[in-house]
Amino acid sequence: MWVAMWFLVMPQAIWAGEVHVAVASNFLSPLKKIARSYKQDTGNRLILISGSTGKLYAQARNGAPFDVLLAADDKRPELLEKEGVGIKLTRFTYAVGTLVLWSPDPVDVRESLIKMKNGKLAIANPKTAPYGKAAQQVLERMGLWKKMRPFLVQGENIAQTLQFVATGNAKLGFVAKSQLEDPKLKLKGSQWQVPFDQYEPILQQAVLLKPGLSNSFAHQFLEFMRGSTAKKIMRSYGYRFIEE
């Protein structure tokens, strides 16, 4: 009788599952919040591995045991799908990112960028980080890319890029709006939200990976990412959605 009652009151603890999620750095904080809601709703937990999209892509290709990739672009999930690592018909755009130029000081950041003569400008590595690629596109369209090359300091990912500016190692930095909206960071200062026509849309895509094909909880999590609870959290961090 005691054993039967234990099974009745502890079903989630017994059957709780795990999903290994590789997540782009810009989306780590929102995903932590989503993970709490997901666990509360399902009893299952997410194990998060964060980094630049380019590095996570390379790790997935080389057999890293990720069930799901939440990238900061649509290029790498599509490549993984073509290479047989991503599962076909599971890829979708879960959010659209927003690029912001930020300074912790009360300045006109756009004007400071144009007139910059000293100090450093932080961007994420354009080769591995989609937000870095977007930053390069903005500088090129403004006719500033060549001029700014001597002032650039590149972060391995968007999290390190933000750190460069927050610690004073760079005067300005192109970062994700989601980072500035993060209530835990409590960042102040000045920002310029770059017009969307100045860079290619940052379509952040999710895809189920081979290790997750037999993990029913990975499928469940991807459905959760499409739902209203996850979208409400994403919106609070400044993300948009492709249907908007």
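Trainee: At roughly what angle do the axes of helix H4 and helix H5 cross?
Mentor: Good place to start, and keep in mind that this is a predicted model. Helix H4 covers residues 53-61 and helix H5 covers residues 75-82. Their axes come within 10 Å, and the crossing angle is roughly 10 degrees.

Trainee: Are H4 and H5 roughly parallel or roughly antiparallel to each other?
Mentor: Start from the crossing angle, which is roughly 10 degrees. Angles under 35 degrees count as roughly parallel. H4 and H5 are therefore roughly parallel.

Trainee: Which residues of H5 make the contact with H4?
Mentor: Look at the H4 side first: Thr53, Gly54, Tyr57, Ala60 and Arg61 take part there. By type, the residues of this contact of H4 with H5 divide into 4 nonpolar, 2 polar and 2 charged. On the H5 side, the contact is made by Arg76, Leu79 and Leu80.

Trainee: Arg76 has a salt bridge too; are Arg76 and Asp73 buried or exposed?
Mentor: The side chains of these two residues meet in a salt bridge, with N to O at 2.7 Å. Buried means under 20% relative accessible area. Both Arg76 and Asp73 are buried.

Trainee: How are H3 and H12 oriented, roughly parallel or roughly antiparallel?
Mentor: Helix H3 (residues 28-42) and helix H12 (residues 228-236) pack with their axes 10 Å apart, at an angle of about 150 degrees. Angles over 145 degrees count as roughly antiparallel. That makes the relation of H3 to H12 roughly antiparallel.

Trainee: Which residues of H12 meet H3, and how is the contact made up?
Mentor: The crossing of these two helices, H3 and H12, is right-handed. From H3 come Pro30, Lys33, Ile34 and Ser37, and they meet Thr229, Ala230, Ile233 and Met234 in H12. The residues of this contact of H3 with H12 divide into 5 nonpolar, 2 polar and 1 charged.

Trainee: How many residues apart are Arg45 and Glu18?
Mentor: A search of the whole structure finds 8 salt bridges, and one of them joins the side chains of Arg45 and Glu18, at 2.7 Å from N to O. This pair links distant parts of the chain, with Arg45 in strand S2 (residues 45-51) and Glu18 in strand S1 (residues 18-24). Arg45 is partly exposed at 39% relative accessible area, and Glu18 is partly exposed at 34%.

Trainee: Does Lys115 count as buried or exposed?
Mentor: Lys115 forms a salt bridge with Glu111, and their closest N and O atoms are 3.1 Å apart. Glu111 is partly exposed, with a relative accessible area of 32%. Lys115 has a relative accessibility of 54%, and over 50% is the cut-off. Lys115 therefore counts as exposed.

Trainee: Which residues does Phe196 touch, not counting those up to four places away in sequence?
Mentor: Phe196 lies in the loop between strand S9 (190-193) and strand S10 (202-208). Phe196 is partly exposed, with a relative accessible area of 36%. Its C-alpha atom is separated by 17 Å from that of Leu180, 16 residues apart along the chain. Leaving out residues up to four places away in sequence, Phe196 touches Thr98 and Arg240.

Terms used. Residues numbered from 1 in each chain as written. Predicted model: local features only at pLDDT ≥ 70, side-chain atom pairs only at ≥ 80, totals over all residues. Heavy atoms only, no water. Axes fitted to C-alpha atoms, helices over the stretch in contact; angles between N-to-C directions. Helix = DSSP H or I, 4+ residues; strand = E, 2+ residues; numbered from the N terminus. Parallel < 35°, antiparallel > 145°, perpendicular 65-115°, else oblique. Contact = heavy atoms within 4.5 Å. Nonpolar A, V, L, I, M, F, W, Y, C, P; charged D, E, K, R; others polar. Left-handed = near helix turned anticlockwise from the far one by under 90°. Salt bridge = Lys/Arg side-chain N within 4 Å of Asp/Glu carboxyl O. Buried < 20%, exposed > 50% of the residue type's maximum accessible area, 1.4 Å probe, protein only.
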